[in-house]
Amino acid sequence: MKRRNFLTASAILTFLASTPVLGAKKKSAATKAKAASSQRKGKSTGKAGKAGKSRTRRRVSARTAASSRPSAANAAPEDTSAANTPIEHRNVVKLPQEKPTDWHTVELQTDVGLQSNQGRARLWLPLAQYKDTDWQRTIGHTWQGNFSKAGIYRDPVADMEIFFAEWPESIDTPKLQFITQIATQNRQFDITRRGVIAEQAEVLRRNLHPTQLAPVDGIVHQTAERAIGRIKDPLAMGKALYDWVIENASFDTNGQGMGEADISQLLGNGRFVGRSADIALLFVALCRSVGIPARPVYGLRTGRSRLFNSLGATGELRSAQHCRAEFYIPGYSWIGVDPAAVCEAMREEPLSNTDPKVNVFKKLLFGFWEMNWIGFNTAQDVILQGASGKALPSLIYPVAETAGSRFDGRNTNRMTYRATANHL
């Protein structure tokens with residue numbers, strides 16, 4: 001066997017061989033736990049058994065109460081003071097039937113200040129995804145500042161939560177500090193696991209629609225058809241589109257930004273160059289053009305990467321935004337991918353397309369998310385509640401309006417924006 005082939009085979013086995021072993025350990029542990037539980041149940045009788053059932057009911061009730069949140073589709077944000085406590089607080093890390101050691105808690109602090117303020121000022125801050133998943137759960141929020149009005153509202157169409165604050169004309173230097181605690185663990189796609197709960201039809205339809213910058217016809221559809229060829233299986237189609245994006249897109253920090261590039265225009269240029277959101281949106285648009293529901297997932301890197309140094313973030317995180325993607329397959333639900341991270345690693349490490357590490361990494365990130373990252377939302381063409389400007393392509397930075405002008409956290413002349421992560 002040639003040395004290169006041997007290295008490739010060894011690298012693949014190194015990445016992938018651990019999964020069955022972990023699965024076997026988990027299965028063995030679960031079998032022992034079940035046997036021990038059966039023995040305990042056989043010995044417990046009478047009042048002790050009834051008391052155990054009562055405690056179980058109370059725990060279920062407590063979880064139900066903890067998971068409930070206020071639903072405010074388009075309701076105005078509730079008024080709060082600077083010392084207001086969180087509107088929610090849950091200790092999801094200690095839910096039963098989960099390993100506490102699998103979860104990692106991050107405290108994300110965001111500090112925002114507005115400069116050269118003229119007149120009334122408004123601010124919108126994207127929050128971590130409010131729907132609990134197997135890889136991310138929001139524990140709670142706290143905030144303080146010199147605002148006159150503040151609160152959290154939920155946009156059911158965009159499927160996200162946004163913090164809103166407002167300052168009167170008398171405040172020359174608006175300030176806000178917002179702290180969120182989030183629990184995360186790595187996300188892994190299991191091809192042997194089928195029969196999960198189906199997604200709502202309305203959500204799937206919404207994630208098949210074109211957007212202002214990501215059409216699903218013309219050159220986008222033609223490109224997707226060439227990429228999948230004669231493949232008919234939806235899962236294999238998604239994998240073919242993922243591979244095509246990695247082979248044909250290049251990561252560039254000087255790209256348009258967070259989902260602000262026109263996908264058709266970039267494809268028409270013959271060479272697709274962009275940042276993480278541009279690459280993720282290319283994959284999303286290709287999937288939608290052939291009838292596969294897909295969506296971008298905008299978020300923020302909050303820690304070091306165990307895969308490549310270039311895919312981590314430490315210290316000040318104001319420029320650590322990163323966009324991933326999901327596509328939906330019946331029987332498997334949403335499958336997470338990160339084609340932009342592969343393209344970024346090739347550029348930053350640097351690595352060639354033929355490097356064995358790239359081949360293994362490309363296979364790993366089809367279905368795997370390293371959760372040194374927090375997902376915020378999947379929203380596109382975002383309309384901010386109470387804003388005077390037009391819809392935004394995405395919402396990942398804090399956005400402000402003063403005297404009719406709009407700017408975000410990238411405008412250092414108008415806004416001071418700082419994000420830091422404390423790993424608990």
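Visitor: Which handedness does the crossing of H8 with H9 have?

Guide: A crossing is left-handed if the near helix is turned anticlockwise from the far one by less than a right angle, and right-handed if clockwise. H8 passes H9 in a right-handed crossing. Note that this is a predicted model, where local features need pLDDT of at least 70, side-chain atom pairs count only at pLDDT 80 or more, and totals for chains, interfaces and linings use all residues. Residues are numbered from 1 along each chain as its sequence is written, and side-chain values use heavy atoms, with hydrogens and water left out.

Visitor: At what angle do the axes of H8 and H9 cross?

Guide: Axes are lines fitted to C-alpha atoms, for helices over the stretch in contact, and angles run from 0 to 180 degrees between N-to-C directions. Helices are DSSP runs (H or I, at least four residues), as are strands (E, at least two), numbered from the N terminus. The H8 and H9 axes cross at roughly 135° and come within 8 Å. That makes H8 oblique to H9. The cut-offs: under 35 degrees is roughly parallel, over 145 roughly antiparallel, 65 to 115 roughly perpendicular, the rest oblique.

Visitor: Which residues of H8 and H9 meet?

Guide: Contact means heavy atoms within 4.5 Å. Ser276, Ile279 and Phe283 in H8 meet Pro339, Ala340 and Cys343 in H9.

Visitor: How do the axes of H9 and H10 cross?

Guide: H9 spans residues 339-348 and H10 residues 356-364; their axes come within 10 Å and cross at roughly 160°. H9 is therefore roughly antiparallel to H10. This crossing is right-handed. On the H9 side are Ala341, Val342, Ala345 and Met346; they meet Val358, Phe361 and Lys362 in H10.

Visitor: Which residues touch the most other members of the largest nonpolar core?

Guide: A nonpolar core is a set of buried Ala, Val, Leu, Ile, Met, Phe, Trp, Tyr and Cys residues joined through side-chain atoms within 4.5 Å. Buried means under 20% relative accessible area, exposed over 50%, partly exposed in between (1.4 Å probe, protein chains only). The largest core has 88 residues; Phe163, Leu241, Ile263, Phe283 and Phe327 touch the most other members. Helix H8 (residues 276-289) gives the most to this core, ten residues. A second, separate core of twelve residues includes Trp124 and Leu384.

Visitor: Is Gln185 buried or exposed?

Guide: Gln185 has 19% relative accessibility, so Gln185 counts as buried. Gln185 is found in the loop between strand S6 (175-184) and strand S7 (187-188). Beyond four places in sequence, its contacts include Asp102, Trp103 and Met371.
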